[in-house]
Amino acid sequence: MELAEKGRGKTTPNPMVGAVLVKNGRVIGQGYHKKAGTPHAEIHALRQAGSKARGSTLYITLEPCCHYGRTGPCSRAIISAGVKEVVYAITDPNPKVKGKGGRQLRQAGVIVRHGVMAREASKINESYLKYLKTGRPFTILKLAMTLDGRIASRSGDSRWVTGERSREMVHRLRAGVDAVVIGAQTANIDNPQLTVRAITGKNPYRIILSSHKRLRKNLKLFNENSDFRTIVATSGGRVPVEIGENSIIWKIEKEGNQLSLDDFLEKAGRFGLTSLLIEGGSRLATAFIKKGLIDKYVFMLAPKILGEGIAAVGDLARTKMSQALSLKDWQVEKCGEDLMITAYPGK
């Protein structure tokens, strides 16, 4: 699983996979999937082991593939190498695999075990698994706030709510997703770049959801660097005049006076985006939460109290404490002077 994590942000739309070959209690080969279209994790491990692979045990986070794509079937390579046993964590939901890889190995006489540490392995590939099952991207909401839940002052100033280490972590989050999403108001007020600068990593698509607000000209999101692609998701009524040659327009259906977030997620899925990071602002966060469209929450909590200001989340129309949104599987870690809380929606 540690090897699989090395591929975060680089393998989409493929999963992150790590593989380790063991023989007589010693590691003889290991590898991970580095990029879509390149050799899979088990191929790297087999190549490293060479002839020593015969009679070994392969541990892998995901069921080996058994079909031809941009690369050949790993199941055949495993059988040809003479691997004795394969232990994989989770079944690949890809219809081209989905149990067929394990079955092919068994039919060739390979001992197969699966389900080992399945829960942990599923979290690594939570975006891939949701996308394969639903056709929609895995949606992460990130909120940087003060202890009293403010993302900006009354004047709209938000630089900086959290410290440098937290901002670096946000860049890591960006590098690990396919696209970052903000609302038109945040684009106009903050004029963000939404790129990966504090670390080495790929820049995601930047998406602006604009139902009726006119976007400012010369936003940083409309620069001409081909590595920084921007998508404007709009009802089609009002779009900026100068959006740059590298920008893309998506026409989204309306739901009342707002854009349909369901239609937006459907289009994002068809476009091939497997994961989204919702970064701002309060209205957008509230809309996604209200619709139950958040798959994972990341709160960056600064040791500050602001008092009056812009709340991280607006009215969710829940009048009793018993109606409050509950979160589960939460984890807390120190991030410089701040705290990072990661959690998932409860029932």
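**Figure 1. Lining of the second largest pocket in the predicted model.** In this predicted model, 42 residues line the second largest pocket, and those nearest its centre are Glu 5, Arg 8, Glu 126, Leu 173 and Lys 296. Two or more lining residues come from each of several elements, among them helix H6 (126-134), helix H7 (164-175), strand E6 (138-145) and strand E15 (296-301). The pocket holds about 1100 Å³ of space. Sorted by class, its lining comprises 16 nonpolar, 14 polar and twelve charged residues.

**Figure 2. A nonpolar surface patch that includes Met 117.** Met 117 is classed as partly exposed because its relative accessibility is 46%, a value between the limits of 20% and 50%.

**Figure 3. Two cis peptide bonds.** The bond from Arg 159 to Trp 160 is cis, and its omega is near -10°. Trp 160 belongs to the loop between strand E7 (150-153) and H7. Gly 280 and Gly 281 are also joined by a cis peptide bond, with omega about 0°; Gly 281 is located in the loop between strand E14 (275-280) and helix H10 (282-290).

**Figure 4. Positive phi values at Asn 191 and Ala 317.** Asn 191, which is not a glycine, has a positive phi of about 45°. It lies in the loop between helix H8 (184-190) and strand E9 (205-210). Asn 191 counts as buried because its relative accessibility is 13%, under the 20% limit. Ala 317, likewise a residue other than glycine, has a positive phi near 60° and is placed in the loop between strand E16 (309-311) and E17. With a relative accessible area of 57%, Ala 317 is exposed.

How values were computed: Residues are numbered from 1 along each chain as its sequence is written. This is a predicted model: local features need pLDDT of at least 70, side-chain atom pairs count only at pLDDT 80 or more; totals for chains, interfaces and linings use all residues. Side-chain values use heavy atoms; hydrogens and water are left out. Patches are made of residues with over 30% relative accessible area and no salt bridge: like charges are joined within 9 Å, nonpolar side chains (Val, Leu, Ile, Met, Phe, Trp, Tyr) within 5 Å. Accessible areas come from the Shrake-Rupley method with a 1.4 Å probe; for residues, only the protein chains shown count as cover. A salt bridge is a side-chain nitrogen of Lys or Arg within 4 Å of a carboxyl oxygen of Asp or Glu. Buried means under 20% relative accessible area, exposed over 50%, partly exposed in between (1.4 Å probe, protein chains only). On a 1 Å grid over the protein atoms alone, a cavity is a set of points where a 1.4 Å probe fits but cannot get out, and a pocket is an open set with protein on both sides within 12 Å along at least five of seven lines; lining residues have an atom within 4 Å of a point. Grid points are joined across faces, edges and corners, and a volume is the space filled by probe spheres set on the points. Helices (H or I, at least four residues) and strands (E, at least two) are DSSP runs, numbered from the N terminus. Ala, Val, Leu, Ile, Met, Phe, Trp, Tyr, Cys and Pro count as nonpolar, Asp, Glu, Lys and Arg as charged, and the others, Gly among them, as polar.
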